[in-house]
Amino acid sequence: MNSHVTGILPDLKPGEDKRRDTIVREARRFFMSQGYAATRIEPIARAACVSTATLYAYFPSKDHLFGAVIEEAAQDFSEQMECVRMTEGSAREILTSFALAYARFMGDPFVRSVFRLVMAERPRFREVAMGFFNKGRSDFGHPLILALGALVERGELRVAKASWAAGQLMGMVEHPVFFMPLVTGDEVQSERTPEQIASEAVETFLARYGT
């Protein structure tokens, strides 16, 4: 996050102050529908049923409010990712379970909308933007790397570097469900279902790394 924002955000965590949570929720709606530049503080305050002075007491500037919106969106995504656990079963079953969960998450229109917003404001919020993207990949990638290591130990995979292999599997899922719609404004969507994308990605991965 920008240095002039860091260290000034309130110490309260999401859920500890309902008024703050309402402000952030309404701000997220405005930022996502109007973009950063066009969003004004006064309509957010009205939508949150607080005075402008109260909003500024929580967030001294629009920069602070935007930072809070992105931080809490990232936290929301982390909570969604926590439901992804490596299941018991064969390499194909474990990897397919992961790939399908990742495809559904990255294919969520809301997820893309948040990423668009973050990327659009990257020059202003470079650290926030990069941290947001890297956190998403890390929260999914770390359990996948651990699973790949376990599968190597079981003799079901031949992987020299688990982090590289994990990135390849995630990339095969990300391209059709996330990056292609992201850069085309959702005008181009994959004709394959998340199930088909996950299955084909895993088959390609196993052809390369399976024993």
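Is A101 buried, partly exposed or exposed?

1. A101 is partly exposed, with a relative accessible area of 24%, where partly exposed covers the range between buried (under 20% relative accessible area) and exposed (over 50%), calculated with a 1.4 Å probe on protein chains only. The residue is found in helix α5, and its C-alpha lies 8.6 Å from that of A198, although A101 and A198 are 97 residues apart in sequence.

2. A word on the basis of these comments. This is a predicted model, in which local features need pLDDT of at least 70 and side-chain atom pairs count only at pLDDT 80 or more, whereas totals for chains, interfaces and linings use all residues. Residues are numbered from 1 along each chain as its sequence is written, and side-chain values use heavy atoms, with hydrogens and water left out.

3. As to the overall architecture, the protein has 9 helices and 0 strands, these elements being DSSP runs numbered from the N terminus (H or I of at least four residues for helices, E of at least two for strands). Buried residues make up 43% of the 211 residues. Among contacts (heavy atoms within 4.5 Å) between residues at least 6 apart in sequence, 72% join residues at least 24 apart.

4. Helix α1 (residues 18-38) deserves a careful look, since a straight helix of 21 residues would span 30 Å at 1.5 Å a residue, while α1 spans only 26 Å between its end C-alpha atoms; the expected span is 1.5 Å times one less than the number of residues. The helix bends by about 80 degrees at M32, the bend being the angle between axes fitted to the seven residues ending there and the seven starting there.

5. The buried residues of α1 include R20, D21, I23 and V24. E26, which is also in α1, is buried with a relative accessible area of 11%, and, leaving aside its neighbours within four places in sequence, E26 is in contact with I44, A47 and A48.

6. The structure holds 6 aromatic pairs, a pair being rings of Phe, Tyr and Trp (its six-membered ring) with centres within 6.5 Å; planes under 30 degrees apart count as stacked, over 60 as edge-to-face and the rest as tilted. F31 and Y36 form a stacked pair, at 5.8 Å centre to centre and 5 degrees between the planes, and both residues are buried. The rings of F98 and Y102 have their centres 5.7 Å apart and their planes at 20 degrees, so this pair is stacked as well.

7. In helix α5 (residues 91-106), F98 and Y102 lie 4 residues apart, about one turn of the helix, and F98 and Y102 are both buried. A polar contact of 2.4 Å joins the side chains of Y102 and E174, where a polar contact is a pair of N or O atoms within 3.5 Å; within protein, one must be able to donate a hydrogen and the other to accept it, and residues adjacent in sequence count only if both atoms are side-chain atoms. E174 is in helix α8 (residues 162-184) and is buried, with a relative accessible area of 4%.

8. F105, also in α5, is buried with a relative accessible area of 7%. F105 and P194 are 89 residues apart in sequence, but their C-alpha atoms are 9.8 Å apart in space.

9. Phi of C49 is near 60 degrees, a positive value in a residue other than glycine. Most residues other than glycine have a negative phi. C49 is in the loop between α2 (41-47) and α3 (52-58), and is exposed, with a relative accessible area of 71%.
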